[in-house]
Amino acid sequence: MSGAGRTASPIDALLLSEIEGIRPLAELALDVRWSWNHAADPIWKQLDAQTWELTHSPWAVLQSVARDRIQQLMSDATFRGSVDVLLEARKRATQSPAWFQRSHPDSALTGVAYFSMEFMLSEALPIYSGGLGNVAGDQLKAAGDLGVPVVGIGLLYQQGYFRQLIDQDGAQQAIFPYNDPGQLPITPLRRPNGEWLRFELDLPGHPILLRAWQVQVGRLRLYLLDSNDAANHPVYRGVTGELYGGGQEMRLQQELVLGIGGWRLLNIIGFQPEVCHLNEGHAAFAVLERARCFMQDSGRGFDAAMAATRAGNLFTTHTAVSAGFDRFDPDLITRYLADYAASKLRLTRRELLALGRVDPDDETEYFSMANLAVRGSGAVNGVSRLHGSVSRRIFAPLFARWPVDEVPVGYVTNGVHVPSWDSAAADALWTETCGKDCWLQPTASATHHIGGASDAELWRFRNITRAALVDYARRRLSQQLSGAGAAPEEIAKALQLLDARILTLGFARRFAAYKRPNLLLHDPERLLRLLTDPQRPVQLIIAGKAHPADAVGQALIAQWTRFIRTTRARGSAVFLADYDMLLTEQLVQGVDLWINTPRRPWEASGTSGMKVLVNGGINLSELDGWWAEAYTGEVGWALGDGREHGEDPAWDAAEAEALYRLLEDEVIPQFYSRDRHGIPTAWVARMRQSMAQLTPQYSSSRTVREYVEQHYLPAAARYRARAADRGAVGQQIADWGSSLQQHWSSVRFGAVRADTTAGQHRFEIPLYLGGLDESAVRVELYAEGQGGGPPERHRAVRVRLLADSGNAHLYSVAVAVTRPANDYTARVVPNFDGVSAPLEAAAILWQR
């Protein structure tokens, strides 16, 4: 069922209206490039200043403004001229060759499909929760800036993530406003004949009808699926109702829609990407649908199709604890996917469930989406150097008997889309020193130029942004109190809180126990002394949400609101409700110091601290996530000893003490130690180094370049090679894998001999291969690393066939005498040209 006829929408009604000049304005409003390129802001403000101030959504402005107002302004030559200039600038920005076209003109990469459960693009499109959506949105924007041929695939939620209200008792209340598609900067995706693109996905009992929408993101598009179609069974209309809402069954339904439905949509619109990038495991069912499509097109079986398509799949994990991955009851997976597996993939129930299990024979083991993503991908990465190491430990059970260091998980450290997070003052400063397109240039260019800004310039810029934050915080707090039913005098008093001249600390993130958002409250009296010191005062702006089902997180919020309301901190600490993208922008642009206190290693990357860099903010953070690799003494301050301490209360107390000491002994004195011009020179020196060294390095432009060159380009080449000739190489790999599985148990070592002469250890290694061909394996000598260094691996060469012993071969390898011979162990691993072991073949045999 594809839908009958042309289904109109409120968006169509506006676009088809006879209002003079509406189309050029709509073209600008429907491209969320305006969320980071603010050249058009005066246009929207002139059309409807009140709606613009409340929503920061051009599309909402066009929906609400009087039609005669549009006609009046579009008939004004100056206004119309400004619109024409903006349209021409948009055309140049979206159509001219960018970094990718210039750097890789003959690339095999023509398309990347980027799947994510959430995308944070703008406050005008609230289909995000937090960090995962932040990363997805920023990478999509950067990919467009750089000209990388990416399309995004996500879901359109009727409610999105919850909105937060702090009631008069200081407790969090969750509110779920409806996302009216007509008010969002999206349009229906239509077939060539004008029909709204709708298609069916089989679910138990009733097929589900999915509608497709599109979002213009500069030169790229994001496609969104939703199930809120009147033709759907009532139960299925709510499948895309709420981000991270409902129980396990609804989550499974959403992930089926995202993965299988998302890949099916790409086929319908004729987009055939070489690379499928899974941003977390939620979309892992896409690897099954991609394999199914390949089976259908090539006539190959599932194993050959998976071998061919896996090469083009990339899985990025953002999870720092194994419990954080989505896992589903095997009976639920069976109910929803057994028929699909049997009829479309030709897999048994056991084979299907094995894709998501560590032990395929354990009938009680739940089905892990992360395991499916690993098994279906040609590369896996974490999102910081430390997180790559943590992830290798998490996924080690999938690669039994392999050293943890060889578990196939790399890393690409996250970055932020700098133009989305810089203030107007920051943009002006960086543009003056580095040029308007500095974020599209190599990182060294921006680093060099910003280092030349004077102390006076940097300090003036910092004062401007802090003052803007104080003004915003006052107004937002006043509105917040009004919404909570506060007394008029309390609302009025909010407009007098905070001081634009004093050291401003920011702390904002999801309130969860592992993030330790209340570490600063460990000793409330000590914190009060810091906040109310008459000579060197400090002020604190806090924001964050706790999941509606997280009672501990909500209690942590209540603890902060009680502290602020019932102590003398009231004038110098505020909690701003409803932490969203707009509030984030204001905070990261204005704070002097950003504080982050997670338990190591539970912060996979973290990006909030990266956003302050361009704005001259300095980080004081736990040595976790990105800060573990970014920190040096000249760019900020660090908590922790670089080790893991679990949930030890004594360690929490020790780190709280260290945090207070850093603030008392270093941070506050440095901020208030001024030269004769009133400039805190030591503070500005640290600020300069942070801006120069870290801002370019932790930008999403750098991140996307790394994805392109380390993953997308190699993956595209591998996929094309394996998919050629209807997957001939994929079939060869599948046959090789089948032979390994059948004969591996018959492989064994003979007695290994080691002789030491002339400064070398020479090893002779007899190997009995049973039914395997000698080309199917690789023999190596392995030794663990010394002094924290990497392990040693030396490939042995085949010398000869052993006489009268069947399929037995003698291998030899020599190594320099730098350690005892008994440090080395022989091993045999799978070998096929272009195949990654252990990711695609995890068998391994060690010399006993």
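Which residues have the most contacts inside the largest nonpolar core? In this predicted model, they are Phe115, Val148, Phe285, Leu288, Phe395 and Tyr712, within a core of 126 residues. Helix H30, spanning residues 700–743, gives the most to this core, with nine residues. A second, separate core comprises 60 residues, including Trp430, Leu503, Leu530 and Ala656. In soluble globular proteins, nonpolar side chains tend to be buried together.

Phe395, one of the residues with the most contacts inside the largest core, illustrates such packing through its neighbours. Leaving aside residues up to four places away in sequence, Phe395 touches Phe315, Thr317, Phe325, Ala370, Asn371, Val374, Val407 and Val409.

The model also holds an open sheet of six strands with parallel pairing, in the order S17-S16-S15-S18-S19-S20. Strands S17 and S20 stand at the edges, and each has a single partner strand, so one side of each is left without a neighbour in the sheet. On average, neighbouring strands of this sheet are turned by 20° against each other, direction ignored.

| Strand | Residues |
|---|---|
| S15 | 503–508 |
| S16 | 538–543 |
| S17 | 573–576 |
| S20 | 636–639 |

Ala543 has Leu576 in S17 as its bridge partner. Helix H21, residues 455–483, lies across strands S15, S16 and S17, and runs at about 65° to S17.

Conventions
Residues are numbered from 1 along each chain as its sequence is written. This is a predicted model: local features need pLDDT of at least 70, side-chain atom pairs count only at pLDDT 80 or more; totals for chains, interfaces and linings use all residues. Side-chain values use heavy atoms; hydrogens and water are left out. A nonpolar core is a set of buried Ala, Val, Leu, Ile, Met, Phe, Trp, Tyr and Cys residues joined through side-chain atoms within 4.5 Å. Buried means under 20% relative accessible area, exposed over 50%, partly exposed in between (1.4 Å probe, protein chains only). Helices (H or I, at least four residues) and strands (E, at least two) are DSSP runs, numbered from the N terminus. Contact means heavy atoms within 4.5 Å. Two strands pair if DSSP finds at least two bridges between them. Axes are lines fitted to C-alpha atoms, for helices over the stretch in contact, and angles run from 0 to 180 degrees between N-to-C directions.
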